[in-house]
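Please look at the structure below and read the report alongside it, moving from the whole protein to one residue.

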Amino acid sequence: MQSIAVSRQPRPGRWAISDILALYALPMNDLLLRAQTIHRDHHEPNTVQRSSLLSIKTGACPEDCAYCPQSSRYTTPVQAQPLMPMAQVIEAARKAKAGGAQRFCMGAAWRSPTERQLDDVIEMVQAVKAMGLETCVTLGMLKPGQPERLKDAGLDYYNHNLDTAREHYADIITTRRYDDRLQTLERVRDAGIKVCCGGIVGMGESRAIRAGLVAELANLDPYPESVPINHLVKVAGTPLADTEDLDPLEFVRTIAVARITMPKAVVRLSAGRETMHDSTQALCFMAGANSIFYGDQLLTTGNPQTEADALLFERLGLRAPAADQPQAAREAATC
Ligand code: SAM
Ligand code: DTB
Ligand code: SF4
């Protein structure tokens, strides 16, 4: 019994779920002030980093993630597509760059890539990197040696989400374990690739589960450089298609709590913006979000039109950052 109690105590300087729940419970104005103050201590204010997404291999995924339209277990509007030819990837990256994206993220609906599949992705990473874009891929679980191959190809970020709290994981995904995810994250970190890791809210979870997800992320040592907070995109045919709506202010609170617990991370307001009111997005930026997915498409679902985003940024006085780095990191680099 004692060892269980001890293992639940956070190490010094780490976040207890009770501390995170206390943040969630603050009056909204106090929470936003605290998040915005921390944000300004570590980041250039009024700037938003932009990443574009491309699904390079779509659907027919053997995993059973209850939120995902790409799982082969569910009948959804997604049409499976094999690995995209290189020329199409380059064209998409060219368009993304011309549209103002700083990073190009390529996603594949795999449980785990084979060496042969990785060969193809490596060529894509090299080509996109050579275009002067930052590179990110999300390919599922990686075996030993695979992160090193991606690092050698010039990969900047690997996206691999924890998605929810450990205790909620088996309700959402049964085909892999939480520790499998953590193992890939450790391999990516050890290879010297920057970590992009976040989760999804609005899957019918309790606030305690949301706090548990944030605690897992914030207690990674070090915590991720990039933290995507996705709002569930409800897709017909998936088990979560009819999930009750999350209060938008609870989503804003989640962004604020991520900002406070991971001060230097770039917090991305990720999936779910297409149906999100502009005012909610504005509150998310006030709460410390400083990145978005930019472009009309996420992987298989829609995202706001780039023109609509440009207009929203103009209304909010937001601009692209001078460099895709937290201010503290830039200052350290120039000292
Ligand atoms: N198969 C790889 C994996 O699972 O890591 C990479 C692609 S997977 C689609 C990347 C991430 O997309 C998931 O971890 C999840 O966070 C997010 N995602 C998938 N479907 C979503 C949905 N309907 N709403 C919000 N986020 C979603
Ligand atoms: C992340 O955290 N969100 C992105 C990206 N990483 C790969 C994916 C969102 C997917 C939303 C559903 C879809 O378009 O298929
Ligand atoms: Fe497959 Fe990734 Fe979708 Fe899960 S989230 S079903 S692993 S593509």
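Predicted model: local features only at pLDDT ≥ 70, side-chain atom pairs only at ≥ 80, totals over all residues.

Residues are numbered from 1 along each chain as its sequence is written, chains are lettered from A and ligands numbered from 1 in the order in which they are written, and side-chain values use heavy atoms, with hydrogens and water left out.

Of the 335 residues in the protein, 55% are buried, where buried means under 20% relative accessible area (1.4 Å probe, protein chains only). Serine 71 is one residue described as buried, with a relative accessible area of 4%.

Serine 71 sits in the loop between strand S1 (49-57) and helix H4 (86-98); helices (H or I, at least four residues) and strands (E, at least two) are DSSP runs, numbered from the N terminus. Its side chain makes the approaches listed here.

| Atom reached by the side chain of serine 71 | Distance |
|---|---|
| Backbone oxygen of glutamate 63 | 2.6 Å |
| Backbone nitrogen of arginine 73 | 3.1 Å |

Once its neighbours within four places in sequence are left aside, serine 71 is in contact (heavy atoms within 4.5 Å) with Cys61, Glu63 and Asp64.

Notes: Buried < 20%, exposed > 50% of the residue type's maximum accessible area, 1.4 Å probe, protein only. Polar contact = N/O pair within 3.5 Å; in protein donor to acceptor, adjacent residues only side chain to side chain.
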